[in-house]
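I opened this entry to record what I looked up, one topic at a time. The notes follow the order in which I checked things.

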Amino acid sequence: MQADGKRETVQLSLPLDREQLRELRAGDACTLTGALYTLRDAGHMRLLAEMDGRGCDELPYGLCGQAIFYAGPTPSAAGRPFGAIGPTTASRMDFAAPRLHDAGIAATIGKGVRSEAVRQACMRNASVYFVTVGGAAAYLAKCVTAEETLAYDDLGTEALRRVEVKDFPVFVGIDTLGNDVYDLA
Amino acid sequence: MESAVEAALLELAFDLPADIEKGLRAALEREANPRAAEALRLLVENARIAREDRVAICQDTGSVWVCLEIGPDVMVQGDVLDGVNAAVARAYDVGRLRKSLVRDALFDRANTGDNTPAFSEIHTSPREGARLHVMCKGGGSDNASRVLMLTPSAGKQGIVDAVLTCVREKAANACPPLVIGVGIGATFDKVAGLAKMALMRPLDVPAEDERTAAFEEELLRAVNETGIGAAALGGVTTALGVRVKTAPCHIAALPLAINMGCSAMRRKTYEL
């Protein structure tokens, strides 16, 4: 805690430590370092269909315990893996998030308000929703050090990618107690 | 036409319009909320990185809208807009921009692979000469938009209430600080176009009609009093500006369209 009462920026490593997640509170500023997994609209439909097809809720592609970043990047540019990468509206993935949290996704990263079902899923699983600043995608792309496409390449920007980030800035959107950063505003 | 559109798209992708960047800087200076101030700091820094490194301001490089406005002294051929899609395909390839369009909204959601088609139209105008209006519109802010058919008795207060409801429900998804385009009048199909055209007027150009200018100020004040703030993390700047465009309408009608623009409001009008 700083002198002005503001909590200091929390540095988090990926994959996330569940015990550390419990200490976070909505509104806390954090940085993420390690591997994120990008997935958005069409990719979520594919992923759920794959899980349906196998008749189990085991996450493929090594996603268990990982963090999903709702993002569709631009191609590489300026010598960086992506020219720009930033959050898309998280509520469009509300249809899938509770099931994915129950299956082991530790965190999601996006922008905007989530449904009550997602809030409950965060509390039930000690998972977290992080928000990051929409429109700051050239800035955020400078935090990306490497990327690799894992699946759904035909979806273009909506493919499942493993993205290595360093000091990627986020705020805690929904904490493990169900507090919501947008209720603080 | 093709080269003008291509050049416009590459400018808009990398160079945040000066009025928007100025608005973000002013918002940062007056922001006391630490989270919102940090969001604004990132957005100002983001504009610099995009401009200097020639990378996209936002990963959502948008759907392209091109509106050719022609005055009474201008004659064009019916196929004048045929080159627009080729210009979009080239600009999105050369500029390493994101391809965000699918072939059909319902029956074939395969990515078209080159960000085409553009949504293009020709407007006639009493003003002489020709102008090209270009906008690259992000999906998140467009999704936060709406059309409402109000009743005439709803009046100004009904419009203020509807804008505030839309902002309260959707601002967090639309990447604030917002630029809000408000169309009032015409018919169900045309009012959304009014709201979109309203977004074309830069923040430092006041409305010609004094009543419109005053109503824009009233709406902006009300929107910023919500306290939603930059990135919806709280604070005093939820919107950088509100732009209103009104039109005649039916005696039974008060059509209203709210077209949300994000903090990367990429649009510009070029004199041809």
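This is a predicted model: local features need pLDDT of at least 70, side-chain atom pairs count only at pLDDT 80 or more; totals for chains, interfaces and linings use all residues.

**Entry 1, a helix pair.** I looked up how helix 1 (residues 2-14) of chain B lies against helix 4 (residues 84-94) of chain B, and found that they pack at an angle of about 35°, with axes 8 Å apart. Their crossing is right-handed.

**Entry 2, the strands.** Which way does strand 1 of chain B run relative to strand 5 of chain B? I found the two antiparallel, with eight bridges joining strand 1 (residues 63-70) to strand 5 (residues 130-137), and within strand 5 of chain B it is B:L132 that stands opposite B:L68. With strand 4 (residues 119-124) of chain B, strand 1 of chain B runs parallel, joined by six bridges; here B:V66 has B:S120 as its bridge partner.

I then turned to the interface, where 41 residues of chain B are in contact with 39 residues of chain A. Helix 3 (34-53), strand 3 (108-111) and helix 5 (139-143) of chain B each supply at least two residues of the side that touches chain A, and the largest share, eleven residues, comes from helix 3 of chain B. I recorded this side of chain B as 19 nonpolar, 13 polar and nine charged residues.

Note on methods
Residues are numbered from 1 along each chain as its sequence is written. Chains are lettered from A and ligands numbered from 1 in the order in which they are written. Axes are lines fitted to C-alpha atoms, for helices over the stretch in contact, and angles run from 0 to 180 degrees between N-to-C directions. Helices (H or I, at least four residues) and strands (E, at least two) are DSSP runs, numbered from the N terminus. A crossing is left-handed if the near helix is turned anticlockwise from the far one by less than a right angle, and right-handed if clockwise. Two strands pair if DSSP finds at least two bridges between them. Two residues are in contact if their C-beta atoms, placed from the backbone, lie within 7 Å. Ala, Val, Leu, Ile, Met, Phe, Trp, Tyr, Cys and Pro count as nonpolar, Asp, Glu, Lys and Arg as charged, and the others, Gly among them, as polar.
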